[in-house]
Amino acid sequence: MIIPVVLSGGAGTRLWPVSREGHPKPFMTLADGQSLLNKTYRRALQVQTALDPLNRPGELLTVTNRDYYFMSRDEQDLAGVSGGFVLEPFGRNTAPAVAIAAHTVSRQFGADAVMLVLAADHLIQDQNAFNAAVAAAVALARDDYLVTFGLVPTAPETGFGYIQQGEALGEGFRVKRFVEKPDLLTAQSYVASGDFLWNSGMFCFKAGVFLEELALHSPEIAKSVAACWAAMQDAKNPDVLEIPASLFGTVPDLSVDYAVMERSARVAVVPGDFGWSDIGSWNAVRDLVTPDASGNRVVGEAILVDSQNTFVQGSDRLVATVGTKNLMVVDTPDALLIVDHESPHKIKKKVSRLKKTDSEVHRLHRTVVRPWGTYTVL
């Protein structure tokens, strides 16, 4: 049984002003009209339809902040899927999120159910290639491996972690080691060797096996998550489980990689080349749009005169540029971002500065989503 687990959270500050705390990156609408979360749900549905022998598409689990529940449920409806929710009172990194999900999947579907852990803010272009990679990962997971997905590097990228492949295991490899984000020279040597893959942050394993390895390698997280899980058993709605804030605050803040994957002897990696992107910056969003002859890319309504390599994303009004070069312009009803192509990594600093002011523009859009609908500040 394959149960997709979608991890949906994070403010995505590098994609401000579209991504904000109250309406984060997974809910960003791309040029095709679909949000990243909607695409993730559709991807999960296609994986289940293609690979689940009992053909039970739509059985999935979303771990997200309680403030995003209603928006996430709406995205499920749009994608044609349904599934349960685990609601966090605040973010606590991926290890606690996956651990709570493993308890939930184990209770509902059994300890041998295979979890496919997906991030809500990734983009994958080749669904068939992704299905093939998941099939290989599921085969290893059924042999009690903790499987991660490695991406064939296309460049010496310094912004990603790397995985070194060891001995062959079916269509995958035993993980020799995980490597933190390297400098440029080190990244170049990794790519040249052919032994290293980018770390995608997606996983596949049996729910029970993950909990066993968590208890072995990160007992403090295992114990504190178990306490949270015990307190959640009296929930009136078993499809919507809320984690108690008082207990969740005691859980160590640690990623799955640090807590389990880098410590376990059961870890395998499946290489993949399926058009993956983590949409971590405006450069990544820009690259999704087809350029014109001058390298300009537009989402929305814009007029570009004597402009080169300019990206414009507008919403409610016309944006015009004259004589611009190597700029990105992102216009929303209450905030305008203008940044050169080399500086999108500095946007996070700008958001940090905004948080120190009385403005709510870092947290909320002018139109705010609520469970009963929306309201707009005029």
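1. Partly exposed here means a relative accessible area between the buried limit, under 20%, and the exposed limit, over 50%. At 35%, Arg66 therefore counts as partly exposed. The model is predicted.

2. Arg66 pairs with Glu242 in a salt bridge, 3.2 Å from N to O. Arg66 sits in the loop between strand S2 and helix H2, and Glu242 in strand S10, so the pair ties together parts that are 176 residues apart in sequence. Glu242 is partly exposed too, at 44%.

3. The salt bridge count comes to 11. Arg20 and Asp334 form one, at 2.8 Å, N to O. Each lies in a loop: Arg20 between strand S1 and helix H1, Asp334 between strands S17 and S18. The pair therefore ties together parts 314 residues apart in sequence. Arg20 is buried, at 1%. Asp334 is partly exposed, at 27%.

4. Asp331 and Arg317 also meet in a salt bridge, with their closest N and O atoms 2.7 Å apart. Asp331 is in strand S17, and Arg317 is in the loop between strands S15 and S16. Asp331 is buried at 4%, while Arg317 is partly exposed at 48%. Elsewhere, Asp112, Asp144 and Lys206 are linked in a salt bridge network.

5. Which residues form a nonpolar patch on the surface? They are Ile303, Val305, Leu318 and Val322, with about 350 Å² of accessible area together. Val322 belongs to strand S16 and is exposed, at 63%.

6. Helix H6 (residues 207-217) has buried residues, including Phe210, Leu211, Glu213 and Leu214. Their cover includes helices H3, H7 and H9 and strands S4, S6 and S9.

7. One cavity reaches 30 Å³ or more. The largest cavity holds about 60 Å³ of space. Among the residues lining it are His23, Arg363, His365 and Arg370.

Technical notes. Residues numbered from 1 in each chain as written. Predicted model: local features only at pLDDT ≥ 70, side-chain atom pairs only at ≥ 80, totals over all residues. Heavy atoms only, no water. Patch = residues over 30% accessible without salt bridge, like charges linked within 9 Å, V, L, I, M, F, W, Y side chains within 5 Å. Areas by Shrake-Rupley, 256 points an atom, 1.4 Å probe, with all protein chains shown as cover. Salt bridge = Lys/Arg side-chain N within 4 Å of Asp/Glu carboxyl O. Helix = DSSP H or I, 4+ residues; strand = E, 2+ residues; numbered from the N terminus. Buried < 20%, exposed > 50% of the residue type's maximum accessible area, 1.4 Å probe, protein only. Contact = heavy atoms within 4.5 Å. 1 Å grid on protein atoms, 1.4 Å probe; cavity = no way out; pocket = protein on both sides within 12 Å on 5 of 7 lines; lining within 4 Å. Points joined across faces, edges and corners; volume = space filled by probe spheres on them.
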